[in-house]
Amino acid sequence: MAIEFKNVTKKIKKNTVINNANLTIETGKITGLQGINGSGKTMMMRLIAGLIKATEGEVVIDGIIIGKDIDFPLSLGMMLENPAFLNSYDGFHNLRLLADINGIISDSDIYESINRVGLDEAKNKKYKKYSLGMKQRLGIAAAVMESPDIILLDEPTNSLDSEGVEMVKRIVSEEKARGATIVISCHDTAILSELSDIIYTIESGKITGCIKNGSDSEQ
Amino acid sequence: MKYIKLVKFDLKYGILKRWYTYLLYALLTLFACMDFSFRLKSFDITNFSLGDCLFYFYSGISEYIPKPDEPIQIPYLWLLLNLLVCYFNVHYMSDDLSGLGQYVICRSGKRRNWWLSKCLWNFSSVLTYFLLSILIVLSFCTFNNAEFSFEISENMNLICPTGAQQYPVSQWNIGSIQLLLMPILVCTAISMLQMFVSLFVRPLVSYVVSIVIYFSSMYKLSDLLLGNYAMILRSDEIATNGVSALNGIIFSVCLIFASVICGLLYFQHYNILSRE
């Protein structure tokens with residue numbers, strides 16, 4: 001699932017949050033997005049997810065224009081900003097209510113996702129009693145549980161301890177090996193460099209550079 | 001198929017999981033029934049009908065003509081029964097645009113599916129509040145051996161303090177349309193409009209729109225103020241210059257369709273962002 005940004009500009013009210021972005025996210029690769037808060041990383045992910053539409057230009061996934069040909073990518077898992085679930089539900093039931101909409105995975109798949117993120121012991125605990133790290137883990141489980149073709153992870157290591165960070169690295173690698181196209185934004189440059197095949201730097205909505213397999217190039 | 005799943009999702013999380021709001025509404029209806037009962041007792045009235053009880057709830061106020069020595073008699077019960085439904089419905093759609101709701105939207109396949117599901121939820125929710133209320137009234141009537149008819153008794157001139165005395169009951173020609181259909185239809189239309197408005201502004205601001213409609217209707221008898229059609233005392237079957245139920249039905253249905261279609265078109269380009 002190659003994702004292309006073709007001259008994409010996004011304006012919200014009078015602010016230009018993405019400014020004439022052109023980039024190609026290759027199939028089966030991990031693409032990192034780097035930039036300070038408010039630089040436009042999350043907006044790029046929202047554009048891919050179909051949650052916002054480009055003011056100018058197109059976001060194209062395998063030849064299909066998001067917001068024109070289809071509203072949302074057909075196979076997408078995401079965790080944008082801070083994950084939020086229903087407080088009165090436990091982890092399993094929160095995931096199941098999401099899984100019920102697509103109806104492509106079973107309860108055992110959900111349990112497996114919970115195990116993958118290390119929440120197996122807390123699967124019956126109410127979400128409101130989760131720590132920040134546990135909430136983050138559940139968000140990651142929600143993003144990967146249906147083995148989607150595209151995975152968007154916005155700051156996946158937020159609130160995680162070192163063990164949690166290792167878990168993220170492991171899951172991202174496993175999903176890449178499965179063939180998923182992954183987009184990650186992360187403040188931690190070291191983690192992003194370690195995980196990503198290519199890293200785009202974003203400043204004030206503009207793509208100002210990219211680092212690919214050790215080589216540095218300006219756009 | 002996805003639409004059916006979304007509808008199920010909304011009915012489950014928008015109605016079943018919000019059972020406490022329906023319970024509160026049922027309790028309010030029960031208190032209103034008790035208040036009705038106390039008023040009957042205070043006038044030594046023992047017989048009443050289902051129509052009397054519904055009239056007590058949805059009579060509203062007769063036309064208000066401002067006079068310096070006569071302050072408006074606010075129909076608290078009518079306002080509460082209608083505005084509470086709008087209040088309980090105001091947050092769900094908006095809340096579902098952030099957090100977990102964003103995962104749901106992406107799974108909905110089409111923005112159209114999501115909006116239409118929310119519209120169906122809104123209609124079902126209003127209907128549930130009113131049906132629950134009617135169920136309480138029916139139980140109350142059964143318990144008190146009331147007559148199961150929509151006939152309004154002469155005593156209602158005494159019981160309702162909001163202007164019913166002006167019109168002799170013998171001349172009233174009202175039935176299930178004014179007593180049941182109009183309050184439900186008008187509330188659905190206002191709640192739908194409120195949901196559409198909350199695409200532009202915060203939910204509580206959109207709730208103000210509902211408050212303005214109901215309050216302005218209370219102060220002014222006009223075909224253009226929708227709340228008038230939900231007040232039995234403003235019906236042209238009671239007041240000579242009142243509003244017609246047929247106009248109310250057309251107005252409400254048009255407003256419902258306009259809110260659904262305008263919302264559908266607007267939501268196609270709506271920026272789904274975090275509201276935190």
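Reader: Which residues are linked into a cluster by ring pairs?

Author: This is a predicted model, in which local features need pLDDT of at least 70, side-chain atom pairs count only at pLDDT 80 or more, and totals for chains, interfaces and linings use all residues. Residues are numbered from 1 along each chain as its sequence is written, chains are lettered from A and ligands numbered from 1 in the order in which they are written, and side-chain values use heavy atoms, with hydrogens and water left out. Rings of Phe, Tyr and Trp (its six-membered ring) pair if their centres lie within 6.5 Å, and planes under 30 degrees apart count as stacked, over 60 as edge-to-face and the rest as tilted. The cluster linked in this way consists of B:Trp114, B:Trp115, B:Phe196, B:Phe200, B:Tyr266, B:Phe267 and B:Tyr270.

Reader: How many aromatic pairs are there over all chains, and what kind of pair do B:Phe36 and B:Phe48 form?

Author: By the ring rule, the count over all chains comes to 28 aromatic pairs. The ring centres of B:Phe36 and B:Phe48 are 5.3 Å apart and their planes stand at 85°, so this pair is edge-to-face.

Reader: Why does the pair of B:Phe36 and B:Phe48 tie together parts that are apart in sequence, and by how many residues?

Author: Helices here are DSSP runs (H or I, at least four residues), numbered from the N terminus. B:Phe36 lies in helix α2 of chain B, whereas B:Phe48 lies in the loop between α2 and α3 (50–58) of chain B, so the parts that the pair ties together are apart in sequence by twelve residues.

Reader: Is B:Tyr270 buried or exposed?

Author: Buried means under 20% relative accessible area, exposed over 50%, and partly exposed in between (1.4 Å probe, protein chains only). B:Tyr266, with a relative accessible area of 33%, is partly exposed. B:Tyr270 has a relative accessible area of 8%, and therefore counts as buried.

Reader: Which residue lies over the face of B:Phe267?

Author: A charge sits over a ring if NZ of Lys or CZ of Arg is within 6 Å of the ring centre and within 35 degrees of the ring normal. At 5.7 Å from the ring centre of B:Phe267, the residue over its face is B:Arg111.

Reader: Which residues touch the most other members of the largest nonpolar core?

Author: A nonpolar core is a set of buried Ala, Val, Leu, Ile, Met, Phe, Trp, Tyr and Cys residues joined through side-chain atoms within 4.5 Å. Of the 171 residues in the largest one, those touching the most other members are A:Phe5, B:Phe55, B:Phe57 and B:Trp115.

Key
Helices (H or I, at least four residues) and strands (E, at least two) are DSSP runs, numbered from the N terminus.
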